[in-house]
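Subject: Structure handover

Hi,

My notes on it follow below.

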Amino acid sequence: MRVNRRAVAAGLATLVLGAPRALATEAAGAADGAVSLTYDDGLPSHLDVAAPALERRGLRGTFYVTWDNIVDRVGDWEKMPARGHELGAHTVHHPCNIGPLTPQTYAEKEFLSLEAWLDKVAGPARPHDFAYPCDVTNLGPGSASAERTRYEALLKRLGMISARNSEGPPNPATWVRRHPYRLQALAIGYDAQSLDVFNYLQLARHERRWAILVFHQVGAGPESDGAVTAAQHEALLDMVLASGLAIRTVGEQMRRLVLG
């Protein structure tokens, strides 16, 4: 993703100078919407680059982990909840072709062991959040509606309180309450440029919606894999801070909108 620093600076100035109510406070965020910072796949750069950048700003993220990616540094990932970050499930192997699987087979191969580990390191009372690998929701045979219904029923049985994809506008509260397994988000580093992020956050603020940003590789990596540089990531975090949106983890926002 190419970030034009001048455009980012102009966007920040518009947010701060053109909107006097855009204060980075809980009170302002309660009125103007919210934003969650999410990270998919459990990559080493999330530990080494993303989490420290968040913490320097007093922010915390929701990290959707894939066991195959975290196993080599599982000890470091186990420390993330104590640092204030939220861990969610992104399956054991990150499968993209799940159509041939039954719900029981899918649960046994991709959920149960990861959920047990998450309960161990974050506690069973943690928010049970999920992000769809590859945005795929076609579990089993049948129509798209039948496949999605089957998938959502499985997530509910597993105790998930939310599931997130990587596309769509900011979420109205009514959508979240009606469709907690269809949370919409903006994936950064693929098609989204800095102006897209700015407009997305502005829409969330003006319409009092919940914005969810999705990061993958943060640091060195091919752009085709959704990579953003460390500097781009820092600039986008500063844009979020200036947005006037309350910054919450996915679990915190779900508690406010659905469970609270």
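**Confidence first**

This is a predicted model. Mean pLDDT for the chain is 88. Of its residues, 86% reach 70 or more. Two stretches need a flag. Residues 1–10 stay under 50 in pLDDT. For them the model has 21 contacts beyond four places in sequence. Residues 13–31 are also below 50. That stretch has 32 contacts in the model beyond near neighbours in sequence.

**Helices H6 and H8**

H6 covers residues 103–110, and H8 covers residues 144–157. Their axes come within 10 Å. The crossing angle is roughly 50°. An angle between 35 and 65 degrees is classed as oblique, so H6 and H8 are oblique to each other. The crossing of H6 past H8 is right-handed.

Who makes the contact? From H6, it is Pro 103, Tyr 106 and Ala 107. From H8, it is Arg 150, Tyr 151, Leu 154 and Arg 157. Sorted by class, the H6–H8 contact has five nonpolar residues and two charged ones. It has no polar residues.

**Asp 76**

Asp 76 sits in helix H5, residues 74–78. Its relative accessibility is 30%. Leu 47 lies 29 residues away from Asp 76 in sequence. In space, the C-alpha atoms of Asp 76 and Leu 47 are 7.6 Å apart.

Best wishes

Technical notes:
Residues numbered from 1 in each chain as written. Predicted model: local features only at pLDDT ≥ 70, side-chain atom pairs only at ≥ 80, totals over all residues. Heavy atoms only, no water. pLDDT = per-residue confidence, 0-100. Contact = heavy atoms within 4.5 Å. Helix = DSSP H or I, 4+ residues; strand = E, 2+ residues; numbered from the N terminus. Buried < 20%, exposed > 50% of the residue type's maximum accessible area, 1.4 Å probe, protein only. Axes fitted to C-alpha atoms, helices over the stretch in contact; angles between N-to-C directions. Parallel < 35°, antiparallel > 145°, perpendicular 65-115°, else oblique. Left-handed = near helix turned anticlockwise from the far one by under 90°. Nonpolar A, V, L, I, M, F, W, Y, C, P; charged D, E, K, R; others polar.
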